Amino acid sequence: MATSNSSSIVSSTFYLTGIPGYEKFHHWISIPFCLLYTVGITGNCLILHIVRTDPRLHEPMYYFLAMLSLTDMAMSLPTMISLFRVLWSISQEIQFNICVGQMFLIHTFSFTESSVLLAMALDRYMAICHPLRYATILTPKLIAKIGIAALLRSSILIIPLMARLAFFPFCHSHVFSHSYCLHQDMICLACADIRFNVIYGLVLIILLWGLDSLGIFVSHLFILHSVLRIASREGRLKALNTCASHICAVLILYVPMIGLSIVHRFAKHSSPLVHIFMAHIYLLVPPVLNPIIYSVKTKQIRQGIFHLICSPKISSITM
């Protein structure tokens with residue numbers, strides 16, 4: 001612990017926390033986490049494989065779905081190694097540089113996922129409100145540019161927060177309240193003026209999540225207005241059904257995200273279990289539930305999964 005009083009942050013060692021009070025059961029607690037990561041990785045890889053190999057799914061909606069699967073995995077995977085190192089009693093230590101890299105990936109892809117959900121909302125708006133121009137506007141080239149722009153926007157705006165951490169002295173505890181690194185967790189340990197990080201972080205949340213959620217809300221208002229003008233009841237239900245999966249994905253991301261922010265800002269003295277529970281929901285629920293929701297609600301994805309599972313059996317029978 002000699003490094004805990006050092007002002008040389010680059011060489012500092014921090015300590016991650018598992019489930020306080022349940023250290024004896026960490027090996028057992030790791031089992032449901034292992035299952036959740038397995039389900040999330042398998043489900044998202046399955047969607048990526050189906051979208052890549054099925055020519056029928058080479059459409060804007062499914063390209064954005066593949067983008068969502070990539071951001072889901074990129075947001076949750078950086079936490080997997082440190083989580084299991086803690087739960088399996090391998091090591092609770094994490095170096096400053098690795099910690100900053102981990103939180104950079106978590107926060108960058110969290111903001112990127114919000115941008116992808118906005119792009120998916122605009123995709124549904126174009127498909128329902130302007131179907132004749134849909135394919136000519138949302139070309140694969142434009143979709144690729146949207147994905148790159150979403151990633152660059154998030155990563156570039158996160159850099160000032162990460163860069164400021166290198167100048168903070170950490171003269172108090174070096175123990176985090178989670179099994180991975182979060183920005184709001186680290187700045188609480190700093191012995192310095194953290195107002196810039198607090199204010200900039202809040203502005204970033206308002207600008208990125210706020211504007212994205214506003215864009216999603218406005219897009220669905222236009223979609224609803226257009227759907228209500230469809231004459232047939234069957235047509236209205238079909239149009240609304242295409243948006244149902246997206247609305248679920250939005251709620252799955254934003255509800256835990258808002259809950260975690262509220263807990264960190266207004267419930268600092270609540271039980272550590274509350275903070276840990278909310279943090280794991282925030283990072284694990286979207287990658288686990290999104291593939292399930294899109295598999296259940298999207299006929300083409302269901303058919304792709306069925307074809308993937310059944311085609312080897314059919315070919316073996318015919319041989």
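Let's start at tryptophan 209, which is buried, with a relative accessible area of 11%. Keep in mind that this is a predicted model. Its ring partner is phenylalanine 111: the ring centres sit 5.0 Å apart and the planes meet at 45 degrees, so the pair counts as tilted. Phenylalanine 111 is buried too, at 6% relative accessibility.

Another, phenylalanine 196 with tyrosine 200, is stacked, with 5.4 Å between centres and 20 degrees between planes. These two are four residues apart in helix 7, so about one helical turn separates them. Phenylalanine 196 is partly exposed, at 36%. There's also an aromatic cluster made of Phe14, Phe96, Phe170 and Phe176.

Now for the cysteines. The structure has two disulfides. One joins cysteine 99 and cysteine 181, with the sulfur atoms 2.0 Å apart. Cysteine 99 is in helix 3 and cysteine 181 in the loop between helix 5 and helix 6, so the bond ties together parts 82 residues apart in sequence. Both of these cysteines are buried.

The other disulfide links cysteine 171 and cysteine 191, and here the partners are partly exposed, cysteine 171 at 38% and cysteine 191 at 23%. Counting bonded cysteines along the chain, the pattern is 1-3, 2-4.

What about cysteine 243? Its sulfur is 8.7 Å from the closest cysteine sulfur, in cysteine 129, so the gap is too far for a bond. Cysteine 243 is buried, at 3% relative accessibility.

Terms used: Residues are numbered from 1 along each chain as its sequence is written. This is a predicted model: local features need pLDDT of at least 70, side-chain atom pairs count only at pLDDT 80 or more; totals for chains, interfaces and linings use all residues. Side-chain values use heavy atoms; hydrogens and water are left out. Rings of Phe, Tyr and Trp (its six-membered ring) pair if their centres lie within 6.5 Å; planes under 30 degrees apart count as stacked, over 60 as edge-to-face and the rest as tilted. Buried means under 20% relative accessible area, exposed over 50%, partly exposed in between (1.4 Å probe, protein chains only). A disulfide is a pair of cysteine sulfur atoms within 2.5 Å.
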